[in-house]
Every structure is written in structure tokens, then in C-alpha cells.
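Subject: Structure handover

Hi,

Here is the structure we talked about. My notes follow below it.

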Amino acid sequence: MDIYVISLIVIFIMMLILHWQKKVFWSLLFADVFLFMTLIESLNFINQINIENDFFSMAILLGFYVLIPLLVIIGSIFLVRNTRIMYLKEGRSLVAKLSAGFGLNIFVILGVLLFMLQFDLFSKNIYLAIIVESFLLIDVFFVSLFICYLIYSVINQMLPYKKHVDYIIVLGAGIRSEEVTPLLKSRLDKGLMYLKDNPQVKFVVSGGKGPDEPVSEAFAMAKYLRSQNIPDNQIIIEDQSTTTYENMKYSKIKIDDDWSDEKRKPNVLFTTNNYHVLRSMTYADMAKLKAHGAGAPTSYYFLPSALLREYAAVLVQNKIKIILIMLLIISFVIIVSWPF
């Protein structure tokens with residue numbers, strides 16, 4: 001078997017192991033490497049295709065060199081246009097601009113690639129060439145990592161949790177009164193979906209009281225669950241947390257205090273909005289809480305910007321690793337480009 005194929009298999013297995021261990025960031029990195037190596041292998045394969053009187057080969061070339069770039073351009077236009085929809089429905093905000101920024105960035109990458117193909121940078125200015133190539137590779141790295149993040153999020157939502165559930169943690173969100181907002185209601189309703197198969201499940205409503213909130217988020221969530229005929233003995237209130245990490249940390253303490261079966265560990269599920277599941281898994285891992293995430297649906301126009309915001313937060317959360325990767329990319333460009 002070709003060493004390249006063996007490497008792909010090893011990377012894929014490592015990616016699955018890291019996913020199983022809930023190591024989201026490292027799993028994303030391995031997925032990104034897998035995606036990049038698969039793309040290189042595909043290019044090698046396509047370049048060796050003999051297109052003489054071969055409709056299938058011509059179709060592959062057309063799809064790779066025409067259809068895929070066209071889909072990328074259409075997707076970029078959609079992302080830019082989506083910002084206008086966000087403005088109309090949600091008002092002007094930094095979050096609303098994220099999808100436009102990402103879409104425009106795709107055009108920047110395409111423009112830099114065309115510039116590099118048009119001009120022979122190395123024969124004119126090696127320093128400029130190194131700067132441009134480093135920028136391009138780092139930019140492509142962030143874009144491809146987001147693609148992996150997006151695929152990872154979709155797949156994670158498509159894999160239902162089929163085990164018996166002992167506890168459902170409902171992550172809090174901002175409230176304006178004692179009633180839950182539509183966003184928070186969707187998280188609670190997602191948890192209630194599991195009630196039919198797990199009638200004895202306990203809900204851990206997790207969320208403290210913000211400075212501009214009349215009551216704690218946990219209080220409002222518990223009130224809603226009671227209105228859905230959930231008895232008090234199946235509701236555990238955690239009203240001290242102010243961040244997602246604290247949601248996980250303090251909910252784990254509540255579950256450990258409540259759990260009495262020494263023969264096995266409890267099966268825990270947390271619910272939040274679909275765009276927030278993946279990052280919440282990283283906080284669950286930090287809190288040493290083994291839990292599967294279930295996402296409540298989000299409006300289609302809000303989803304691109306929300307996913308980009310969550311992705312940016314994951315990058316900030318792992319900023320040291322990201323800086324080291326960027327330095328490695330720059331070092332690689334210098335070593336490959338410098339005329340030793």
C-alpha cells in the first residue's frame with residue numbers, strides 16, 4: 001500500500017480517536033491535515049488523467065476545475081448577501097458582519113492566487129514573495145479549518161444520542177423577564193424531546209443571574225419546565241454560573257452530588273443551540289464532564305455568522321496553539337523559498 005494512503009488512514013484514525021475523547025481542537029487539526037492531503041492526492045490523480053475520448057475523465061476535470069470554483073464563488077456571494085439579511089432581521093452588529101467578512105476573504109484568496117500566477121514574485125523580490133505566500137497559506141489554513149469545523153458541526157448534529165439519558169443539562173441564555181426567550185425555549189424543548197424515551201431523566205437548568213436580568217436564567221428555565229408538567233424532583237437548579245465553562249463545571253458538581261449508583265457513571269446530555277454545541281463540548285472537556293451535545297435549531301440566516309463567531313471563539317480559546325501553527329507555516333515558507 002502507498003505510504004501516502006497509509007498516512008491518510010493513520011490521520012483519519014487519530015481524528016476519530018480525538019473526537020471520541022472530545023478533544024475538539026486537536027480533532028479539527030487532524031481533520032484539516034486530512035482534508036489538505038486528500039486535496040493534494042486528488043490533484044495528483046487529476047493531473048494524470050488522460051482525457052482523450054473519455055467523457056468520464058472530462059467530467060471529472062470539469063467538476064474539479066470549473067464546478068468547485070464556481071460553487072466557492074456562489075457560496076462567497078451568499079455569505080456577503082447574508083449580512084444584509086442579518087441587518088434587516090437582527091440589526092447592525094459585529095456578528096452580522098462576520099459572514100460578509102468571510103465571504104470577501106474568499107475573494108481575497110482567489111485574488112492573491114491569480115496575482116501569484118500572473119507575476120513571478122521570486123525573480124523580483126524574494127521577501128515580498130515570502131510575505132505573500134505566508135499570508136496566503138495562513139489564510140487558507142484558517143478557511144480550511146473553518147470548513148472542517150462546519151463539517152464537524154453538521155456530522156455531530158446528525159449523530160443522535162441513543163443511549164439511556166440520566167441527566168440533561170440545559171445551558172442558559174439571556175432573559176429579559178421571568179419568562180424564557182424563544183432561543184432559551186428552543187434549548188429546553190430540545191431537552192424535552194428526550195423525555196419520551198427517558199421518563200425519569202433529571203434536568204439540570206444551568207445559568208446565573210446577570211446584572212440586567214430580573215431573575216436567574218435557571219429560575220426562568222425551571223418555571224418553564226414546571227409549566228410542561230416536569231415535577232420538581234426531576235429539576236436540579238444550578239444558578240451560579242456566568243459562562244459556558246461554569247455551566248459545565250457547576251452542573252457536574254450538581255450531578256456528582258445527586259448521582260448514587262456506584263456501579264456506573266451517569267449518561268449526560270447537554271442542550272444548547274446547534275451552532276454552540278461544538279464549542280460547548282470543549283468546555284465540557286475542560287470541566288472533566290463526559291457529555292454529548294444536542295443542538296436546537298437556529299434561523300438559517302443567523303447560522304453562518306453564529307458559526308463563524310463560535311469558530312473565532314475556539315481559535316481564541318486555543319490562541320497559543322494557533323500562534324505556534326502560524327509560526328510553523330511561516331518557517332516552512334522561508335525554508336522552501338530561500339535560495340540556500
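Beyond its neighbours within four places in sequence, T272 is in contact (heavy atoms within 4.5 Å) with L171, R187, V277, S280, A294, G295 and A296. T272 sits in strand β4, residues 268–273. Strands are DSSP runs of E, at least two residues; helices are runs of H or I, at least four; both are numbered from the N terminus. T272 counts as buried because its relative accessibility is 0%. The cut-offs: buried is under 20% relative accessible area, exposed over 50%, partly exposed in between, with a 1.4 Å probe and protein chains only.

This is a predicted model: local features need pLDDT of at least 70, side-chain atom pairs count only at pLDDT 80 or more, and totals for chains, interfaces and linings use all residues. Residues are numbered from 1 along each chain as its sequence is written, and side-chain values use heavy atoms, without hydrogens or water.

Now the cores. A nonpolar core is a set of buried Ala, Val, Leu, Ile, Met, Phe, Trp, Tyr and Cys residues joined through side-chain atoms within 4.5 Å. The largest has 53 residues. F141, Y149, I169, M248 and F270 have the most contacts inside it. Helix α6 (residues 126–158) gives the largest share of this core, 11 residues. A second, separate core has 25 residues, among them V165, V180, Y194 and A222.

M248 has its own list. Leaving aside neighbours within four places in sequence, M248 is in contact with L171, F270, S280, Y283, A284, A287 and L289.

Best wishes
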